[in-house]
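Here's a quick briefing to read with the model open beside you. It takes a few local features one at a time, grouped by topic.

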Amino acid sequence: MDFLMSGLAACGACLFTNPLEVVKTRMQLQGELQAPGTYQRHYRNVFHAFITIGRVDGLAALQKGLAPALLYQFLMNGIRLGTYGLAEAGGYLHTDEGTLSPPRSAAAGALAGVMGAYLGSPIYMVKTHLQAQAASEIAVGHQYKHQILPPQSWKVALAAAMVSGIAVVLAMTPFDVVSTRLYNQPTDSQGKGLMYRGMLDALRQTARTEGIFGMYKGIGASYFRLGPHTILSLFFWDQLRTLYHTYTK
């Protein structure tokens, strides 16, 4: 569960921070092995880079490399935080007296970090290649011509559905937990719930008694149900639209 929770949390953050990663990548490649003042600065600062990329490459370019970025975050942080969480749960970070051992914590953190970085490195390389791709007038660094998903491919719909599935479960699982409990609570003779007065009361009681993780109970099952459902829904929708436009021309 630690692996899944850590990975999904990192993916949720990545949806918002990936544009900054695109900007960072291009600014770090700008002027590579060139003396200051001898090259054209396409990106003067973070804000100028955002505007330039959006204007020349389009707003969608600010999310370049999102697919490998999500996979990288899920794998790296899932392993890193999940491994550390398992070590903590197993009592390996504490001494025989029950106190937290800084050397053991540091060693566990270092080992988890090395494992995550080693396994995630190939994906990070692909992400960097994709994020560096730009129109010729603002290109920096070597320009690889990778294309993970061909245009109009059904795989595009599948990848988009996987991303949307992550966002949906992160946003909706607390409400799904609450709705399940509201529907399942015992009632009096007049059908009034005996445990919760309503949605807000159920949210408050769950968070206060079970903590934030209580709000995300069943998130793994939710994703593995919602993920395929979202994928198939968007896939069939996209394919039906394609067939419709093909045969109505």
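**Helix H2 and its ends**

Helix H2 covers residues 46-56, and its buried residues are His-48, Ala-49, Thr-52, Ile-53 and Gly-54. Keep in mind that this is a predicted model.

- Look at the start of H2: a side-chain oxygen of Asn-45 comes to within 3.1 Å of the backbone nitrogen of Phe-47.
- Just past the other end of H2 you'll find Gly-58, with a positive phi of about 100°.

- Leu-33 sits in the loop that links helix H1 (2-29) to H2.
- Its backbone is worth a look: Leu-33 has a positive phi of about 55°, even though it isn't a glycine.
- For context, most residues other than glycine have a negative phi.
- Is Leu-33 buried or exposed? Leu-33 counts as exposed because its relative accessibility is 87%, and the cut-off for exposed is over 50%.

- Val-168, Met-172, Phe-175, Met-199 and Leu-200 together make a nonpolar surface patch of about 480 Å².
- Two helices, H5 (154-184) and H6 (199-214), each put at least two residues into the patch.
- Which helix gives the most to the patch? That's H5, with three residues.
- Val-168, one of the patch residues, is found in helix H5.
- Val-168 has 33% relative accessibility, so it counts as partly exposed; that label applies between the 20% and 50% cut-offs.

Methods. Residues numbered from 1 in each chain as written. Predicted model: local features only at pLDDT ≥ 70, side-chain atom pairs only at ≥ 80, totals over all residues. Heavy atoms only, no water. Buried < 20%, exposed > 50% of the residue type's maximum accessible area, 1.4 Å probe, protein only. Helix = DSSP H or I, 4+ residues; strand = E, 2+ residues; numbered from the N terminus. Polar contact = N/O pair within 3.5 Å; in protein donor to acceptor, adjacent residues only side chain to side chain. Patch = residues over 30% accessible without salt bridge, like charges linked within 9 Å, V, L, I, M, F, W, Y side chains within 5 Å. Areas by Shrake-Rupley, 256 points an atom, 1.4 Å probe, with all protein chains shown as cover. Salt bridge = Lys/Arg side-chain N within 4 Å of Asp/Glu carboxyl O.
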